[in-house]
Structure formats: C-alpha cells, structure tokens
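Subject: Structure handover and notes

Hello,

Please find the structure below, followed by my notes on it.

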Amino acid sequence: MISFYNSLTKKKEQFEPISDGKVKMYTCGPTVYDFSHIGNFRTFLFEDLLKRVFIAFGYEVDHVMNITDVDDKTIKKSVIEKKELKDITSHYTEAFIKDIKSLRILEADTYPNATDHIDEMIEMIENLIKKGHAYQIDDGSVFFKIDTFSKYGALVNIEKSNISNDLEISDEYSADNANDFALWKSYKEEDGKTYWDSPWGRGRPGWHIECSAMSVKYLGSHFDIHCGGVDNKFPHHENELAQSCCALDSPFVNYWLHSEFLMVDGNKMSKSLNNFYVLSDLFDAGFEPEEFRYLVLSAHYRTRVNFSMKRKREAKSAIARISNTRERLTEINNESSKDYPEEFKKFNACLANDLDTPGALAIFFDWIRKINSLLDQNKLSTEDIARGNSFISFFDSIFAILPQKEIIPPEIAALAEKREQYRINRDWAGSDRIRSEIESRGWLIKDTVNGPKLLKNS
Ligand code: AMP
Ligand code: ZN
C-alpha cells in the first residue's frame, strides 16, 4: 500500500487507483520560452520518482505532461525576438527533451502541445458559459465566475473574499470581479501574430484552461494524480480544479501532489543573485547528471532542497560508495536473485510512506556498510551476493544514480585517444577533425573538468 500527502485534503492518504493496477497521472510541463532551470528539474525529478515507485510496485502508469507553448512569456519572447512563436517553442521543447533524457527522467507517454488543443479549450469554455460558470466581457475576453464554485480555494485554504489581496491584479483577472480569472483573452496588439479565431473573436486561451483541456482529453474527466511544484497550487491548480469540476460535473482528480522549491545556497534562485542555473551550467562545472539526481532525491519532496555547487563532492562520494559495492559483489558473482536482503522491506516501506527518500537512503546505506564489512570478512554466500545484486538493481530502478555501463565501441575510444594526443600537442585543427569524425559515428565528445567524456548522441 502506498500513501501520499494529498494537497486537497491536507492529509496523508492511502492511494486507491480508479482502475486496479493502473495509475493515470498528469504533470504540468515546462513553459517553453527558455531553457528549464534546475528548480523546474527538482519538480520533474519528484514526478519521475513517483512514477518509478509506481512502476517498481507493479502499477501500469499512463503519464501525460503538457508543453505550455502559448502564454504571456512565450508570446513576449516571440515578439521581442521577431520570430514565429513556433520557432521559439519548438527550439526549447527540443532542449527540454534532451535535458530530461540526460537526467534519466522516464519519458511521459504523451507530451501534448497547448497550441494543438485550442478547439478542445474553446469547447470547454463554451460549456462553462452554457452552464453559467463563465461570462464574456465587451472586449471579447471570457472569465470564470468563481462565485459559482462553492469549493473554490480548497487547495490553498483561501477564502474567496480574501483572494484579491493575495493576487497581483493583471489582465489574468476580470475588471468586474477581481477574483474571476481569464479563460480566453481577447487579442491585443502586443500579441503580434499569435491569435486564434473563437466564438468570442480573435484571442488566445488563458494558461489554466490549457491544462484542463489536455488532461481531460488524454486521461478522461476523472483521473488519479495531478502534480506540480508548490507554486502551481495557486492560482494554476485551484483554477484548473474549479473549471474542470464545473465543466465536467466530475471530481476531476483524486490526489494532488506538490513538491517544494529548490533553493540555491539557501536563497531563491534568481539572475540578480547570480545563482540561477540551467543544467548545462552544472555539467560545465563537472557535475554528472546522477550527482544532481542524488542531491535532489536525498531530500524529501515536500521539503525545500538546497542546491550548492559545493555539494558535488558529497554526491560523488555517496554514488561511489554504492557503485564500489556493486563492483565488489558482481566481481564475485554476477547473478541476481528473486529474493532480497531483509532490509528490502523496510526500504520499500519508506518509499510507500509518501516517498520518504531520506529514510530509504538511510536504510540502504546502512545495508551497504554491513555488506562491505561482510565482504571484507569473506562471509557472504553466493546467494547473499545474488540477493545483494538484486537489491542494488532495484534501488537503481528508483534512484537511477549509478553509472550506466555504456559500452563504448573500441574504434570510438581509439579516436578519442587520438584526439587527446592532438590536444596535448596543441594541434587544434587535428583535434577538431577527429571530433567531427567521432560525431559522424553517432558519438559526442565533451570536455569536462574531469577530462574528455564520450556520450551517445541520441
Ligand atoms: P514552468 O516552466 O515555469 O511552467 O514550471 C515548470 C514546473 O517547475 C512547475 O511544476 C513549477 O511548479 C516548477 N518550479 C518552478 N520553479 C521551481 C523551483 N525553484 N523549485 C521547484 N520547482 C519549481
Ligand atoms: Zn498545468
């Protein structure tokens, strides 16, 4: 049995899937106007952990992650850069997919783009107007009338009368009632070439309706889990919940899960503090993707995690301890077993308890210490070792932090060696020629502070 803290009921609850053995989950994806930053990846890693735990516990997962490819930020960027919206968003979507692959995040089953679902959004808005939950104003914008949904504010425990005090009033909100939020925004000159025709004239959808329309299209009007970072709770998820429940007369989602923020050196990440990182900044500084995974997963998802470049050594040594043990075991016996050591149950109990990764890691490292001591004393049987191999493989199916044994073809390794000789002799033209040859054979060579590294060019 797995239990999670449900942001809607504010309680830890046992997870009961709608269909036996199946989980339908929707996770709010990136807004593709720039590279995702490491804070975004904290949330995407929490969602990856959740999915990996479900899979390891035998569930079949249907995972949808949307791509927000139209909103204020994407439009602004396309206008400033004088580029088509699609050119901007497809570039950053590609970069996002590359980033999640490099972090070993399991890919979603579907990545719907908001701009491919405008018809579904219009249909939902029409339905809301018909049912009296939404109204059009003179300029052609449409707003959701929050007074028509008695449960509004449930996710954040907010009184409807106090909402406007907590919000920055913008064109997201109605002039009639500052709490009512936009479902459809009428066209303005600053939107440039981005608009769609609708029953209310030219315009574009509000951000919240995008996720309602896409989640329902791919997962149905009632599904199991909806996730995001804490900042998504309000207003995004509160609004999604209101408009979906009202349009569909359905509970919409059973469990709402939110991960806390990633901080950098104890502060909020911001460009002005010079602590704003994207993944390539970490890799350029010699971080391995697995080291970032470890730092994020070693904190519980509902606590803030503090990232610092200085924590690289801590992550490296934790990973090395496990992979050295893996080496020691497999050198003796490479087999795995259907059984596990006794610590396995406790490890799983931690994961099943609202994804308690710090607890699971503590049990796992105690076991690593014990197994190393038994190895030193030559006290492990072949079966013990096979059970150990299985535990480490299971562990890594959840954490995915151990180095993958990528087989580098000998001719690629030889080319890399040759390039290194050119570089030592400062023959840059020769070194570039070999780099191109390596690339033409489907590999990339990356110079890191730890020396050159070969990567499969996927
Ligand atoms: P965005 O690309 O801004 O739509 O955000 C994508 C996801 O990242 C959302 O689920 C946000 O809640 C989450 N997020 C944004 N900033 C942070 C942060 N500093 N730490 C953790 N999650 C974040
Ligand atoms: Zn969303």
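A nitrogen atom of ligand 1 sits 3.0 Å from a polar backbone atom of Gly 39. An oxygen atom of ligand 1 is 3.1 Å from a polar backbone atom of Gly 229, and a polar side-chain atom of Asn 232 lies 2.9 Å from an oxygen atom of the ligand. The protein covers 88% of the 490 Å² of accessible area that ligand 1 has on its own (Shrake-Rupley method, 1.4 Å probe; for residues, only the protein chains shown count as cover).

Before going on, some notes on the source: this is a predicted model, in which local features need pLDDT of at least 70 and side-chain atom pairs count only at pLDDT 80 or more, while totals for chains, interfaces and linings use all residues. Residues are numbered from 1 along each chain as its sequence is written, chains are lettered from A and ligands numbered from 1 in the order in which they are written, and side-chain values use heavy atoms, with hydrogens and water left out.

The shell around ligand 1

There are 15 residues around ligand 1, and Thr 31, Thr 43, Asp 231, Asn 232 and Phe 261 come nearest (a residue is near a molecule or strand if one of its heavy atoms lies within 4 Å of it). The shell divides into four nonpolar, nine polar and two charged residues. In that division Ala, Val, Leu, Ile, Met, Phe, Trp, Tyr, Cys and Pro count as nonpolar, Asp, Glu, Lys and Arg as charged, and the others, Gly among them, as polar. Helix H1 gives the most to the shell around ligand 1, with four residues. Helices (H or I, at least four residues) and strands (E, at least two) are DSSP runs, numbered from the N terminus.

The zinc site

Which residues coordinate the zinc ion (ligand 2)? They are Cys 28 (SG), Cys 211 (SG) and His 236 (NE2), at 2.1 to 2.2 Å. Donors are N, O and S atoms within 2.8 Å of the metal (3.2 Å for Na, K and Ca); water is not among the atoms, so sites may look incomplete. Along the chain, the donors of the zinc ion follow the spacing C-x182-C-x24-H.

A cis peptide bond joins Phe 234 and Pro 235, with omega about 0°.

His 258

His 258 is in strand E10 (residues 252–259) and is buried, with a relative accessible area of 4%. The side chain of His 258 makes polar contacts with the side chain of Ser 7 at 2.7 Å and with the side chain of His 237 at 2.8 Å. A polar contact is a pair of N or O atoms within 3.5 Å; within protein, one must be able to donate a hydrogen and the other to accept it, and residues adjacent in sequence count only if both atoms are side-chain atoms.

Aromatic pairs

Rings of Phe, Tyr and Trp (its six-membered ring) pair if their centres lie within 6.5 Å; planes under 30 degrees apart count as stacked, over 60 as edge-to-face and the rest as tilted. By this rule the count comes to 35 aromatic pairs. The rings of Tyr 340 and Phe 344 have centres 3.7 Å apart and planes at 5°, so this pair is stacked. Tyr 340 is partly exposed, at 31% relative accessible area, whereas Phe 344 is buried, at 14%. Both belong to a cluster linked by ring pairs, which includes Phe 347, Trp 367 and Phe 399.

Backbone notes

Most residues other than glycine have a negative phi, and most peptide bonds are trans. Asp 265, not a glycine, has a positive phi of about 45°. Asp 265 lies in the loop between strand E11 (262–264) and helix H8 (279–284) and is partly exposed, at 42%. Leu 355 is also not a glycine and has a positive phi of about 55°. The place of Leu 355 is the loop between helix H11 (343–352) and helix H12 (357–376), and Leu 355 is buried, with a relative accessible area of 0%.

Regards

Methods
Buried means under 20% relative accessible area, exposed over 50%, partly exposed in between (1.4 Å probe, protein chains only).
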